[in-house]
Amino acid sequence: METTILKALKRSLSGSAEGNNPSTDDHSLERVPDSDRKSWLDLSWNTAGIVTALVALYVGALVSFTVGLKMAVVAGLIVTLVGGTLGWAVGHIAYKTGLSSTVMARLHGFGTKGSIIASLIFGFMIIGFIAIENILLYHGFLFFFDLPDTMLNRVIIYSLLTLTWILLTAYGFEAVTRVSSIMLVSFLGVLIYMIFDIVGNSGQSWSLVFGFGEQFPEERLAALGLVSESDKLIFAINILIGSAGALALVVADLGRYAARSSGVGISAYIGNLFMHVIMLTAGGAIMFAGLPALVDYYVGTVGMTPAEAEDVALQNPESLASAFIVFGGAIGAFLMVVAQSKTQVLNTYSSSLSLTNLFDAILGWQPGRMAFVIGANLLSVLFIFVGVVSWLQSFLIILGVLTTCFSSIMVADYFVVRPYLKQTDTERYGADWINWAGVLSIAMGFVFGQYILVDIIKLKFFTVLIVSFIVYPILRIYVFKPNYQVSASDELIRQEAV
């Protein structure tokens, strides 16, 4: 019996979606046809758009305050190279197959049922991001309009935000790209204005603002194990690399629309460059130049002590939304909304694809992607009200290790295992029921990277890559050999999808 994904592949190649509306379903379980492929610029609007958010600015400020801005930028460049390469590799597979990241996992690394793991990990992470970004916007609105944090305000604001993301994401890739491109240009324009305004009014030189060192006391750095320069570089890389795996999966979700593999590569490197260098530098510079004014505001308006105000500003991501309003007034509020809106649309897009694969793999249920656009946003609100977000924030690095391992295993399957087994083009579209080699490898990569080898190989992504490119091929080639449950020898699939 054919699996759903192979049926979908045949439907898409034959031009029949069996009732699915392309504008809303967006080929969620099918190969994106060649007629819908896009240029590198269309893809890059989205990869840059999803990472240019307040959370990225906050992470940039936190890392740069911990290790110094120059060291943070060096770490960001390294992560950009690693993350961009991983994103290109995963995106190339998506370009060839035309499938989203979690559906692609059925064919490369995990099997039909094994892809449930990928959907759970990635879906949970991205829906959590929707919740976190909503919280930032919520507190920004409270701050701007001087509103109390009441249940009524929560219900009203979160309901309006949820409805907005659903409507903006409802009509597929074309609408997502248009929204992202307009909002990205607006965001960058306002961000540049904010930097000039904050630095210009800070009384500090540009060279100092863009070259400051560690801002935390030595005893605090020592408590983190940051004694030498190499310790600080490794710390910064481990913090930043956590997003590389997740971003690689986003690149795949978008890269399935690529007209060329090179377009996927360009978009992958642009997304990583924006996140790990541009946003990092902007976040660090803005908080360093603006921290005295922000502390004065909290002391004079809120009644905090200087120590309390500085601690809130540096340790609470929600304070960044307030900072932009303090520094920029209405323009700052506009920046906050623009930055979060495009990110939320893209987060909703990827999470809906992940949920589509999850419910199809578990139940064979295919209500269409629109149902999961709504579902992802409702789940994000549930995360907020039951307190999942606080728990999620402490596990973001762990989720980053898992998504990096997941991405690397798919790359190893496509570029190492399949060529070694000399499988024909048509066999590339065979799917195991469960690929136990991939399931065990992701478990081993996580345990070894996060716990067992953490003191020996301090760069966690190295451990993940070792497991993915050594352990997985051994298990797949010699222990859990391919056992395809379906035959995908249809000549049309071979010609069009490979």
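Biologist: Which helix does Ser44 lie in?

Modeller: First, a word on the source: this is a predicted model, with local features needing pLDDT of at least 70, side-chain atom pairs counting only at pLDDT 80 or more, and totals for chains, interfaces and linings using all residues. Residues are numbered from 1 along each chain as its sequence is written, and side-chain values use heavy atoms, leaving out hydrogens and water. Helices here are DSSP runs of H or I with at least four residues, numbered from the N terminus. On that numbering, Ser44 sits within residues 40-51, which is helix 3.

Biologist: Is Ser44 buried or exposed?

Modeller: We call a residue buried under 20% relative accessible area, exposed over 50%, and partly exposed in between, using a 1.4 Å probe and protein chains only. Contact means heavy atoms within 4.5 Å, and beyond its neighbours within four places in sequence Ser44 is in contact with Gly49, Ile266, Ser267 and Ile270. With a relative accessible area of 5%, Ser44 is buried.

Biologist: How many salt bridges does the structure hold?

Modeller: The rule is a side-chain nitrogen of Lys or Arg within 4 Å of a carboxyl oxygen of Asp or Glu. One of them joins Asp432 and Arg476, at 2.8 Å from N to O. That pair links distant parts of the chain, with Asp432 in the loop between helix 18 and helix 19 and Arg476 in helix 20. For the structure, the count is 7.

Biologist: Which residues are linked with Glu214 in a network of salt bridges?

Modeller: Start with the bridge between Lys232 and Glu229, 3.5 Å from N to O. Those two are 3 residues apart in helix 12, so about one helical turn separates them. Lys232 is buried at 7%, whereas Glu229 is partly exposed at 49%. The residues linked with Glu214 are Glu229 and Lys232.

Biologist: Where is Asp146 found?

Modeller: Asp146 is not a glycine, yet has a positive phi of about 55 degrees. Asp146 counts as exposed, at 69% relative accessibility. Look for it in the loop between helix 7 and helix 8.

Biologist: What volume does the largest cavity have?

Modeller: Rolling a probe the size of a water molecule over the atoms shows where empty space is left. On a 1 Å grid over the protein atoms alone, a cavity is a set of points where a 1.4 Å probe fits but cannot get out; points are joined across faces, edges and corners, and the volume is the space filled by probe spheres set on them. The search finds 4 cavities of 30 Å³ or more. The largest has a volume of about 60 Å³.

Biologist: Which helix gives the largest share of that cavity's lining?

Modeller: Lining residues have an atom within 4 Å of a point, and among them are Asn238, Ile397 and Phe461. Helix 12, helix 18 and helix 20 each give two or more residues. The largest share, 4 residues, comes from helix 18.

Methods:
1 Å grid on protein atoms, 1.4 Å probe; cavity = no way out; pocket = protein on both sides within 12 Å on 5 of 7 lines; lining within 4 Å.
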